[in-house]
Every structure is written in C-alpha cells, then in structure tokens.
Amino acid sequence: QVQLVESGGGSVQPGGSLRLSCAASRASRYTTSNNCMGWFRKVPGKEREVVAYIYNNGISTGYADSVKGRFTISQDNAKNTVYLQMNSLKPEDSAMYYCAARGGNYCPSNPMRYDYWGTGTQVTVSS
C-alpha cells in the first residue's frame, strides 16, 4: 500500500501563491522517479479534474489548460516528494487538491486510472 500525504494548502488572496507537497511513504518502497504522479482537484458538485501530472523521471509534465502558465509541477526523487507551485491564484482555483499515483511511465487524465490517493489539502482563494 502506498501512502501519499499532502500538505501546503491554505487560504490566500487572488494573485497569491501556494506550494503543495505530496510525500510518498518510503515504507511502501514506492518511488516518484519511475512512476506517474498527479495532482487533481475537486469542488462540491463537480467531477474531480486533473490539474497537473509528471512522469518519465520528471522529464514529462502535463497541465490542465486552466492552470497552464500559472502552476508548475516538479519532483524531488531524493525526498520522494512531488510539488505543485501555484502562482497567480484565482478564486476559481479554490478546491480540495489531491495527490495521486499510479505505476508505469504514463499519466492519464482520468482519475479512475490512478491507484493511490492522498486525503487532500484545501486551497481557498478569496479576498
């Protein structure tokens, strides 16, 4: 079983920044370097949607159109941790953000294809 622990959420004003972290438990022997890691978000009444993902040992990344140019996903393999740097935040970015992982060197956008999930961290953007 892989445990993913998110942190870094909070409240921020529009235009502000936050950095989310997702640490994969070392006890599970799951490594970020050779697998797919993704960030998703969900607001009540809407489907969970992909925000960003990273794979191919951090070489390949993908982003939702709504966050391109504002969010950056990265990973630190030594710490077995994936980050989501969120800049120029907007009220519509408010959501519960989840880290997810799946084996293999490919990251789909469909959340149903991910095997492991964190419990989420809340991001609220408001003035």
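The model is predicted, so local features are reported only at pLDDT of at least 70 and side-chain atom pairs only at pLDDT 80 or more, while totals for chains, interfaces and linings use all residues. Residues are numbered from 1 along each chain as its sequence is written, and side-chain values use heavy atoms, with hydrogens and water left out.

**Stop 1: the disulfides**

Begin with the cysteines. The structure holds 2 disulfides, a disulfide being a pair of cysteine sulfur atoms within 2.5 Å. Counted along the chain, the bonded cysteines follow the pattern 1-3, 2-4.

Select cysteine 22 and cysteine 99, which are joined with an S to S distance of 2.0 Å. Their link is left-handed, with -75 degrees about the S-S bond. The pair connects distant parts of the chain, cysteine 22 in strand S3 and cysteine 99 in strand S9, 77 residues apart. Strands, here and below, are DSSP runs (E, at least two residues), numbered from the N terminus. Cysteine 22 is buried at 0% relative accessibility, and cysteine 99 is likewise buried at 0%. The term buried denotes under 20% relative accessible area, exposed over 50%, and partly exposed the range in between (1.4 Å probe, protein chains only).

Next, select cysteine 36 and cysteine 107, joined at an S to S distance of 2.0 Å. The torsion about this S-S bond is about 125 degrees, so the disulfide is right-handed. Cysteine 36 lies in strand S4 and cysteine 107 in the loop between S9 and strand S10 (116-117), so that this link also joins distant parts of the chain, 71 residues apart. Cysteine 36 has a relative accessible area of 0% and is buried; cysteine 107, at 3%, is buried as well.

**Stop 2**

Now display the charged side chains. There are 4 salt bridges in the structure, each defined by a side-chain nitrogen of Lys or Arg within 4 Å of a carboxyl oxygen of Asp or Glu.

Start at arginine 41 and glutamate 49, whose side chains meet at 2.7 Å, N to O. Arginine 41 is buried at 7% relative accessibility, whereas glutamate 49 is partly exposed at 37%. Move on to aspartate 93, which forms a salt bridge with arginine 41, the closest N and O atoms being 2.9 Å apart. Aspartate 93 lies in the loop between strand S8 (81-86) and strand S9 (95-102) and arginine 41 in strand S4 (residues 36-42), so this pair ties together parts that are 52 residues apart in sequence.

Arginine 70 lies in the loop between strand S6 (60-63) and strand S7 (71-76), and aspartate 93 in the loop between S8 and S9, so the pair ties together parts that are 23 residues apart in sequence. Both arginine 70 and aspartate 93 are buried, the latter with a relative accessible area of 1%.

What surrounds aspartate 93? Leaving aside neighbours within four places in sequence, aspartate 93 is in contact (heavy atoms within 4.5 Å) with Arg41, Arg70, Phe71, Ser88, Val123 and Val125.

**Stop 3: the open sheet**

Switch to a cartoon view. An open sheet of 4 strands has the order S1-S3-S8-S7 with antiparallel pairing, where two strands pair if DSSP finds at least two bridges between them. Strand S1 (4-7) and S7 stand at the edges with a single partner strand each, so one side of each is left without a neighbour in the sheet. S7 and S8 pair in the antiparallel sense over 6 bridges. Threonine 72 stands opposite glutamine 85 in S8.

**Stop 4: the nonpolar cores**

Finally, select Trp39, Leu84, Met86 and Tyr97, which touch the most other members among the 26 residues of the largest nonpolar core. Such a core is a set of buried Ala, Val, Leu, Ile, Met, Phe, Trp, Tyr and Cys residues joined through side-chain atoms within 4.5 Å.
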